[in-house]
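Here is a short briefing to read beside the structure.

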Amino acid sequence: MSMASIIVAITAFVLGALLALLTIPVLVWLERRTAGLVQDRLGPNRTNIFGFRLGGVVQSFADVVKLLIKEEYYPSHIKIGRWLFMLSPIITFTAALLAFMVIPFADTLIIDGEALRMQPLPVEYGVFWYLAIGSVGVIGVIFGGWLSHNKYSLLGAMRATSMVVSYELPLGLAIISFIVTYNTVDFNAMVQYQTDTLFGFLPSWGVFLQPLASIILIVALFAETNRNPFTVAEGESEIVAGYMTEYSAMKFAMYFMGEYVAMNTASAVIITMIFGGYQLPYVSTQMLLENFNYFAYALIVLVPAFTWWMISFMRKNNRVRPSVTTDSGRIFETKVITIFLLFLAVVVDAILLYLSLIPNVLATQIAVTMIQVVIFVLKLMAFNMFFILIRWTLPRFRYDQVQSLGWNYLLPLSLFNLFVTAIVVVGVN
């Protein structure tokens, strides 16, 4: 194994871990701020470290610290299988985390003729890995609800089990439709397939090639991740908190964080399979490499413009009401972050200018990889926002409605779509 492959493997693993774990507090913050926006209130914006609030993100870290130091409570009536009761949240969290590890963040790097995949787990059977490992997460929910010896927890576990049976089938059939269309089980190869155009003008994204399968995939993944309108396994107004009723402190936090990691993983799978992954529409990796100068010049203009917008937004919103006498360090925070953003913009522009004036094959490849990582992250956060907006917009379905949707509509439609896909693919071949 060469030094380049070791460095790329470590970088991809660290990047995957950061994208999976560091997005948790950001997603919690986004959820609260979006809820505040929907409900016409501010959301968290007071908690700070030496005056730095970062728009309210610090509140998410404060919550983690609170849950870490909170007293662990073990219900005395749980006498059988207590070790598995404690292990269950870890199973759910770990499965969601491992499922994320096969998502490619950028195209394969070619260094000295060696192909290096930008995936934490560089495997070519990523779809099978996601289906296998992603399905394990619900076992933690079932064990947790069953071993709680609580009727509400047991009901939540049974609801989660029925959701798996009713939505895994449409999800699997929709994914098989994509496998038949792309003729691969490799996530990176699926992204490559979507770099072409359809009818000469549409990006050949999965959402245009397989619109019905795309809708089924998105709906089934909402159900898989236990997000609204499919939160029947928790159902606070019906079964207290479902399978999480007897959990507290860090064990509750593991379930809580596992839900956000699963949402992040589902968003990554959706954008990889049907929204072109790390690629921009109409722009392949080869095109980026061959025309890097033009993209670099465009970014040299866009980066300062985006920085100016961020600074303006922060200056407008990071302030107190006129009736409040003290700003609690908000002006100081705004000044420091403004200087940091300006410094970052100058550094990025200087690197882009250097690469465009003094071409270097390896540096250009690395720069293109970084651009694709940024595109992937932007798409990922956009679809995470979609998950959040749906939660705060739609009410929760009744349990029987959820089952009816899965068995009476999604399953027949996914079978029909797979049948049509097979006929079209055979006919075209």
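Leaving aside residues up to four places away in sequence, Arg117 touches Val8, Thr108, Pro122, Val123, Glu124, Asp186 and Asn188; contact means heavy atoms within 4.5 Å. The model is predicted, so local features need pLDDT of at least 70 and side-chain atom pairs pLDDT 80 or more, while totals for chains, interfaces and linings use all residues. Residues are numbered from 1 along each chain as its sequence is written, and side-chain values use heavy atoms, without hydrogens or water.

**Arg117**
- Arg117 sits in strand E2, residues 114-118 (strands, E, are DSSP runs of at least two residues, and helices, H or I, of at least four, numbered from the N terminus).
- Arg117 counts as buried because its relative accessibility is 17% (buried is under 20% relative accessible area, exposed over 50%, partly exposed in between, with a 1.4 Å probe and protein chains only).
- Its side chain makes a polar contact with the side chain of Gln119, at 2.7 Å (a pair of N or O atoms within 3.5 Å; within protein, one must be able to donate a hydrogen and the other to accept it, and residues adjacent in sequence count only if both atoms are side-chain atoms).
- The Arg117 side chain also reaches the backbone oxygen of Val123, at 3.2 Å.

**Nonpolar cores**
- The largest nonpolar core has 70 residues (a core is a set of buried Ala, Val, Leu, Ile, Met, Phe, Trp, Tyr and Cys residues joined through side-chain atoms within 4.5 Å).
- Helix H12, residues 249-274, gives the largest share of this core, 12 residues.
- Among the residues with the most contacts inside the core are Tyr167, Phe187 and Met273.
- Beyond its neighbours within four places in sequence, Phe187 is in contact with residues including Val102, Pro104, Tyr130, Val269 and Met273.
- Another core, of 12 residues, lies apart from the largest one and includes Leu84, Phe85, Val138 and Ala160.

**Ser177**
- Ser177 lies in helix H7, residues 151-182.
- With 0% relative accessibility, Ser177 counts as buried.
- Ser177 and Thr421 are 244 residues apart in sequence, yet 6.4 Å apart in space, C-alpha to C-alpha.
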